[in-house]
There are 2 protein chains.
Amino acid sequence: MKNTRNTVAKSAILEIIQSSKVALSHVEIQKLSEGLCDRVTIYRILDRLMIEDVIHKIATPDGTVKYAACHHKHEEHHIHNHVHFSCEKCHSVTCLDTVKPSYSIPKDYLVKEINFTLSGICKDCNE
Amino acid sequence: MKNTRNTVAKSAILEIIQSSKVALSHVEIQKLSEGLCDRVTIYRILDRLMIEDVIHKIATPDGTVKYAACHHKHEEHHIHNHVHFSCEKCHSVTCLDTVKPSYSIPKDYLVKEINFTLSGICKDCNE
DNA sequence: TCTTAAAATGCAACAATGTTGCGTTTTTAT
DNA sequence: ATAAAAACGCAACATTGTTGCATTTTAAGA
């Protein structure tokens with residue numbers, strides 16, 4: 001793996017993502033970081049954090065991209081096989097780490113990643 | 001439901017989507033339609049087709065949005081609970097209608113839509 | 001068939017999101 | 001301390017999606 005460095009901005013952004021209960025979009029991260037660094041730098045930091053596998057990208061049903069911390073720190077060859085929940089009301093995206101999906105698929109497909117997103121009303125909005 | 005009309009452009013675009021084995025992005029639809037209509041019109045037609053529930057939107061893992069025909073024509077209150085496969089190599093997105101996912105989720109979540117996308121190498125690219 | 005209101009379209013302009021090149025600054029290994 | 005590599009800021013660009021408005025097309029009723 002190409003060597004990536006720990007910088008002030010990178011640590012701050014990772015901290016923002018890790019301390020958030022919900023997955024964050026680029027714009028949300030930008031607002032939370034309050035002028036910490038350039039918009040472009042955030043994109044580059046997100047790329048690095050994904051290469052290092054400490055965060056993962058989630059494509060939400062409406063087409064927006066969000067980022068969340070990985071909670072499997074020390075596993076090798078892991079896949080992000082957990083369920084995401086996307087709330088229609090508050091637009092939050094959460095990782096439901098405890099829920100494991102099951103599926104079967106024809107043998108001639110090679111599965112490397114799983115992106116299982118349920119959408120509807122989250123527990124906080126579901127009065 | 002607001003009345004939507006069948007126009008030349010709408011029929012042509014629906015035909016393109018229905019006759020495609022893979023899900024298509026806006027850009028791909030635009031190329032296949034070869035100057036049939038304006039770029040903006042394609043967006044509006046896609047919106048209408050989704051409202052009418054004859055196509056559905058798929059958010060691929062890399063964040064791009066694709067559209068595919070629905071194959072459940074006459075069901076009411078259906079949800080798109082089938083599996084999508086996204087190929088890392090040829091970037092095709094296919095609906096695996098026969099594969100049904102199963103999952104369990106805490107009761108306090110209200111699930112309305114399911115988006116289950118597997119990614120890896122599709123059967124055509126898998127040697 | 002003719003009329004007409006609503007829906008659809010094209011165009012231009014805009015907004016949001018993501019990317020690239022490059023000169024400068026910071027990090028880290030030596 | 002030094003130097004190479006990585007990260008950064010900035011500007012410019014590319015892509016993707018949206019909005020307003022004048023014009024055209026559709027479809028339903030007279």
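Which of the 21 residues around DNA strand C come nearest? In this predicted model, local features need pLDDT of at least 70 and side-chain atom pairs count only at pLDDT 80 or more, while totals for chains, interfaces and linings use all residues. Side-chain values rest on heavy atoms, with hydrogens and water left out, residues are numbered from 1 along each chain as its sequence is written, and chains are lettered from A and ligands numbered from 1 in the order in which they are written.

The residues that come nearest are R5(A), R5(B), T41(B), R44(B) and R48(B); a residue counts as near if one of its heavy atoms lies within 4 Å of the strand. Sugar and phosphate make up 59% of the atoms of DNA strand C that come within 4 Å of the protein.

Some polar contacts (pairs of N or O atoms within 3.5 Å) can be followed one by one. The side chain of R39(A) places an N or O atom 2.9 Å from a base oxygen. Helix 3 of chain B gives the most to the surface near DNA strand C, with 5 residues; helices here are DSSP runs of H or I, at least four residues long.

Methods: A polar contact is a pair of N or O atoms within 3.5 Å; within protein, one must be able to donate a hydrogen and the other to accept it, and residues adjacent in sequence count only if both atoms are side-chain atoms. Helices (H or I, at least four residues) and strands (E, at least two) are DSSP runs, numbered from the N terminus.
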